[in-house]
Amino acid sequence: MKKKLKKTLVSSLSVAVLSMSAASIVSANGTTSAASPVDQVIRAEANSAEQVNAPKFASISGVIQEIADYEAVENAKIITVKSADDSITRFVVTDATYVMDELKAGSEIISFYDANAPVIFIYPPQFNAVAIADVKEERTVKVDRFDDKLVSSDGDLKLNISEDTKITLQDGTAYTGELAGRDLVVTYSVSTDSIPAQTTPSHITVLNEKKDSGEQMEAEYAEVKGTIKSINEHGANKDMSLVELELADEQPAYLVISDKTYVDEKLEVGAEVVGYFNTKMPMILIYPPQYNVEAVAVVKEGRNTTVDRFDKNMTNSAGTLALKVSEDTKIVTPDGKPFTGSLIDRKLFVEYGVTTKSIPAQTNPSRIVVLEDESDVAVAEKSIVVGGKTIEAPAAFSNDEGTIMVPLRAIAEELGYEVGWNDETKQITLGHIISLTAGKDEYIFARMAPIKLGTAPVLFKGNSYVPLAFFTEVTQLSDAYVSTDKIVVNK
């Protein structure tokens, strides 16, 4: 427990040692000088007067055991690190990671990560690396954010900038802006024994600002990949399977497969497979780890797969992959039947090939399987929200093809349309611009050519219903989608 706590809380380590306490300074040669009792009293009094901020970054050092491609993120690597206490940690290295030295198996490195970022609850622990440096006797590396006095967020180090301090961006170009409030990689050799310790850094690298809104996105699904060693019956009624895997680092793991797990094709001993599990679900803390997977796929060259939820822009929960669905994309249910409903906020198994190098990466999926979702409220029980307001309306329903049909009048009137009805022709009008006829897949907007949605309007229990896509394709609103508990239409 103490070792784990130390890894979580420490934000600065000498590149020559595993960790240091808040009351010690680590020199460039790796020696640690403990603070005197007087210093400790001073520190305690300072803490009682003013709360010291929690460190923004934490770090772990060890020897690189393996470097492999990380298929969940375009152009990313995942490195396996073994620390001095034989614990294993994995770090995801992306284009955003600042890598000071060449990554090589056998090198001793220190890797920094955001101590406040969400962490996938798996074994071995896995972090997104912010910066990585080789352990070198003659230098110390610290990653942190510094205030207007250039004191680190943990209060342990103050920077004294000189003319000899080299200040650059990650790409090596000179940086002349403010350092306060920026995430910095600081390289230095010696520091004072004061509180905080002071140093004149030899090099400061200003890390790139995040391009998003600043809100940390947490991936809802993660994967575990390995080679099948055995497949056994599992559960009290033996109605599940326990698949034993050997991971890339030769560690064991198990996949628990139930009748609710989507298995892309038959599993056989010797096959390399990838299992997808929900990171927000509880997980038993045992070794070897067991994953209750929601989908399993056989790994094949030239094919990528993922499981995730996608927003209205068809971007996944982690913000790393955007789908460009085309006419060639096969969209089906787990039993292979065509699915024509909305894909927004649905749990999807996606098969794809190449991706762009953009952020997020983009791809044209070849196949999408809309997985069953226990968290889904039945369509008829979903509330209907128009422009942020929950309205009173007849219940929606899903037709035989899986298309979500919604009550037209209630939604259209909330949007400000005057709805007309011709009992003789079964024609419905929205103002003077839009018209449609029950039973005909022809939707007229401004007397232009009919728009076909693949589903005709219908009369059901005395109400007219249209496919949900009517509101984006015909009335040209910004959003019309189904989430787990509501149907949303936005102007």
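Strands in this talk are DSSP runs of E of at least two residues, numbered from the N terminus. With that convention, T403 is placed in the loop between β30 and β31. Please bear in mind that the model is predicted.

Four strands form an open sheet in the order β30-β31-β37-β36, and the pairing is antiparallel. The edge positions are taken by β30 (397-398) and β36 (458-460); each has a single partner strand, so one side of each is left without a neighbour in the sheet. Strands of a sheet pair through backbone hydrogen bonds, either parallel or antiparallel. Between β30 and β31, which spans residues 404-407, the antiparallel pairing runs over two bridges. In one specific case, F397 has M405 of β31 as its bridge partner.

Setting aside residues up to four places away in sequence, T403 touches T340, G341, F397, S398, T455 and P467.

S152 sits in the loop between β9 (140-145) and β10 (157-159). Its relative accessibility is 4%, so S152 is buried. Beyond its neighbours within four places in sequence, S152 is in contact with K142, D144, R145, F146 and L157.

I turn now to charged pairs. Side chains of opposite charge can pair when their charged atoms come close.

In the pair of E351 and R303, the closest N and O atoms are 3.7 Å apart. This pair links distant parts of the chain, 48 residues apart: E351 belongs to strand β25 (residues 347-352), while R303 lies in the loop between β21 (295-298) and β22 (304-309). Both E351 and R303 are buried.

The next pair is D86 with K82, where the closest N and O atoms are 3.8 Å apart. Here D86 is exposed at 52% relative accessibility, and K82 is partly exposed at 33%.

Finally, D423 and K426 meet through their side chains in a salt bridge of 3.9 Å, N to O. D423 is exposed, with a relative accessible area of 54%, whereas K426 is partly exposed at 34%. As for shared partners, salt bridges join D264, R303, E351 and R367 into one network.

Technical notes. Residues numbered from 1 in each chain as written. Predicted model: local features only at pLDDT ≥ 70, side-chain atom pairs only at ≥ 80, totals over all residues. Heavy atoms only, no water. Buried < 20%, exposed > 50% of the residue type's maximum accessible area, 1.4 Å probe, protein only. Contact = heavy atoms within 4.5 Å. Pairing = 2+ DSSP bridges. Salt bridge = Lys/Arg side-chain N within 4 Å of Asp/Glu carboxyl O.
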